[in-house]
Amino acid sequence: IRQLELRDLRLVYAPPRAIGNYGDEIDNFMWPRHTGDFTLLRAYVGKDGKPAAYSPDNVPYQPPSHLQVSHEGPKAGDFAMLAGYPGITYRHRSAAEFAEQVQWTLPARVELFDALIGVIEGAGRDSAQAKTLYASQLQSLKNNRKRAAGELDGLRRSDAAARRAADERGMLAATGGGDRRDIAAMGKVLEQASAVRERELLLNVFGSQTQLLRSALLLERLRVEAAKPDPQRESGYQARDLALIEGTLKQVQRRYDPAVEKALLRELLGRYQRLPDAQRLAEFDAAFGRTPAELAGALDALYAGTTLGTESARLAAFAAAREGTPLPADPLLALAARLVPAQLHLEEERKARDGELLRLRPAYMHALIDWRGKQGGAVYPDANGTLRVSYGRLEALAPRDAVAFAPVTTVAGIVEKNTGEVPFDAPPPLLAAIAKGDFGTTADPALGTQTVNFLTNLDTTGGNSGSPVLNARGELIGLNFDSNWEAVSASWWFDPRYKRAVHVDMRYMRWLMEKVYPAPHVLREMGL
């Protein structure tokens with residue numbers, strides 16, 4: 001694989017928010033969909049044609065080849081292919097892992113996200129400023145909550161845990177020797193992880209849902225890692241990561257309110273205080289106490305005394321941390337100095353378990369591949385961030401009894417959904433163009449109107465957003481951006497009855513650029 005990194009990218013064209021995010025969280029993971037989720041960028045290089053940092057003297061990059069945008073659109077049953085870099089799927093996990101996902105992990109995530117959403121929404125009702133500062137975090141929580149709920153719903157609908165358990169029983173009955181011993185050992189390691197699952201969930205969220213406390217922990221961890229040679233530092237704290245860390249610290253002001261942060265911590269750490277003693281950490285108990293009253297007092301003292309709420313204080317601490325020198329005196333930084341060793345200890349425990357699983361899981365996979373082979377089947381690899389190609393066709397969806405969806409939506413649905421209020425506030429130029437009915441060459445000949453989105457049965461997962469969708473001639477017909485609600489669980493269980501991918505039709509992009517928000521010079525450059 002050869003890779004070329006282009007460092008000067010510039011925004012050329014993007015539709016208004018009310019087109020690019022039409023329906024927002026209400027329509028997320030839903031079909032029918034009417035979202036124009038696309039953006040055009042232009043890459044620039046130096047005058048010698050080689051990658052270069054931004055300069056006014058740079059020139060547009062001329063690739064040796066590129067995808068051609070199709071002038072024709074797809075119809076039901078047509079071949080479609082997608083190429084991209086999806087994240088991770090878990091379809092070959094053990095029956096115990098499937099059962100835990102359905103019986104505990106997903107329900108626990110939904111319940112915890114609901115609680116955090118409630119905290120932020122409550123703060124937003126009392127403070128317009130807090131509502132604005134936490135809008136992005138709230139949307140992220142709602143998206144994660146919806147995804148977890150959809151995954152749970154899908155796994156239950158497919159009866160995935162029971163089917164995986166039955167398959168595993170047959171596999172184990174046909175497996176012996178060293179593989180069987182390693183599989184049993186793998187089960188023991190998974191039991192160790194399950195014994196601390198409540199604490200792991202809380203502490204993972206604890207580190208991601210705050211701004212000042214997260215900054216303090218980030219700075220202390222950077223100080224610890226800076227004492228090591230750069231190649232030996234943990235990923236995320238190496239010299240190449242310093243610009244990203246600095247940017248994170250500078251962003252704090254845009255999404256931080258002390259009252260909201262303390263409320264989030266009271267929710268999270270209050271849950272931690274209710275954990276059984278076996279899952280508790282002495283460092284956290286000493287810092288936050290064992291009762292809600294002690295916790296509230298500790299948080300009030302910490303946030304009353306810290307200076308990390310100012311960018312200059314954070315950047316001063318960053319300057320010290322990157323050199324591995326002592327950090328400035330500050331209550332939150334002092335707290336981080338006590339908590340980071342505990343986090344490092346837990347991290348080492350996780351690494352030890354993960355290392356054992358890396359050693360033992362191949363035996364499980366060997367047994368599974370052998371078992372499926374005896375049944376005349378095959379096992380294809382889980383997604384792992386590398387290039388993955390999926391092929392299939394445009395296909396309708398029948399998710400429930402007496403419910404059937406066509407595989408293509410049109411601009412008529414935009415008008416039907418339009419309320420004039422966010423997130424269904426279609427822009428007046430778009431509504432006027434739809435009413436005029438001037439669709440030209442981008443209209444679907446069979447439907448006689450302008451298409452918006454379409455469905456395929458392609459195998460996609462998280463990380464596939466933006467992946468190109470091609471027709472049988474290798475021409476670009478769409479951009480992948482979502483899955484349907486019934487298919488959110490596909491990262492664990494692929495059910496061909498329900499799995500669909502949602503794409504922006506390139507004809508909709510062309511029509512917007514030609515008739516609604518015209519950009520004829522860009523269309524000419526693209527050969528359209």
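Biologist: Where is the place of Pro 32?
Modeller: This is a predicted model, in which local features need pLDDT of at least 70 and side-chain atom pairs count only at pLDDT 80 or more, while totals for chains, interfaces and linings use all residues. Helices (H or I, at least four residues) and strands (E, at least two) are DSSP runs, numbered from the N terminus. On that naming, Pro 32 is found in the loop between α2 (24-27) and β2.

Biologist: Is the peptide bond from Trp 31 to Pro 32 cis or trans?
Modeller: Residues are numbered from 1 along each chain as its sequence is written, and side-chain values use heavy atoms, with hydrogens and water left out. Most peptide bonds are trans. From Trp 31 to Pro 32, omega is near 10 degrees, and the bond is cis.

Biologist: Which residue is joined to Pro 423 by a cis peptide bond?
Modeller: Pro 423 sits in the loop between α16 (411-417) and α17 (428-436). With omega at about 10 degrees, a cis bond joins this proline to Val 422.

Biologist: Back in the loop between α2 and β2, what is phi of Phe 29?
Modeller: Most residues other than glycine have a negative phi. Phe 29, in the loop between α2 and β2, has a positive value instead, and its phi is near 70 degrees.

Biologist: In β3, which residue is the bridge partner of Val 45?
Modeller: The open sheet here has 3 strands in the order β1-β2-β3, with antiparallel pairing (two strands pair if DSSP finds at least two bridges between them). Its edge strands, β1 (8-13) and β3 (59-60), each pair on one side only. Strand β2 (residues 40-45) is antiparallel to β3 over 2 bridges. In β3, the partner of Val 45 is Val 59.

Biologist: What is the order of the strands in the open sheet of 7 strands?
Modeller: Strands of a sheet pair through backbone hydrogen bonds, either parallel or antiparallel. In this sheet the pairing is antiparallel, and the order is β5-β4-β10-β11-β12-β9-β8.

Biologist: In β12, which residue is the bridge partner of Asp 482?
Modeller: Strand β11 (residues 476-483) and strand β12 (residues 501-505) run antiparallel and are joined by 5 bridges. Asp 482 has as its partner in β12 Val 502.

Biologist: Which helix lies across β9, β11 and β12?
Modeller: Axes are lines fitted to C-alpha atoms, for helices over the stretch in contact, and angles run from 0 to 180 degrees between N-to-C directions. The helix runs at about 30 degrees to β12 and spans residues 506-516. Lying across β9 (451-456), β11 and β12 is helix α18.

Biologist: How do α8 and α11 stand relative to each other, roughly parallel or roughly antiparallel?
Modeller: Helix α8 (residues 197-206) packs on helix α11 (residues 258-273) with axes 10 Å apart and an angle of about 160 degrees. Angles under 35 degrees count as roughly parallel, over 145 as roughly antiparallel, 65 to 115 as roughly perpendicular and the rest as oblique. The two helices, α8 and α11, are therefore roughly antiparallel.

Biologist: Which residues of α11 make the contact with α8?
Modeller: Contact means heavy atoms within 4.5 Å. From α8 come Leu 202, Val 205 and Phe 206. From α11 come Leu 265, Leu 268, Leu 269, Arg 271 and Tyr 272.

Biologist: Which residues of α15 meet α8?
Modeller: α8 and helix α15 (residues 331-374) pack at about 125 degrees, with axes 13 Å apart, and are therefore oblique to each other. α8 brings Arg 199, Glu 200, Leu 203 and Phe 206. On α15 they meet Leu 339, Gln 343, Leu 346, Glu 349, Arg 350 and Arg 353.

Biologist: How many residues apart in sequence are the parts that Phe 98 and Trp 492 tie together?
Modeller: Rings of Phe, Tyr and Trp (its six-membered ring) pair if their centres lie within 6.5 Å; planes under 30 degrees apart count as stacked, over 60 as edge-to-face and the rest as tilted. A search of the whole structure finds 10 aromatic pairs. One of them, Phe 98 with Trp 492, is edge-to-face, at 5.1 Å centre to centre and 90 degrees between the planes. Phe 98 lies in helix α3 (residues 95-126) and Trp 492 in the loop between β11 and β12, so the pair ties together parts whose separation in sequence is 394 residues.
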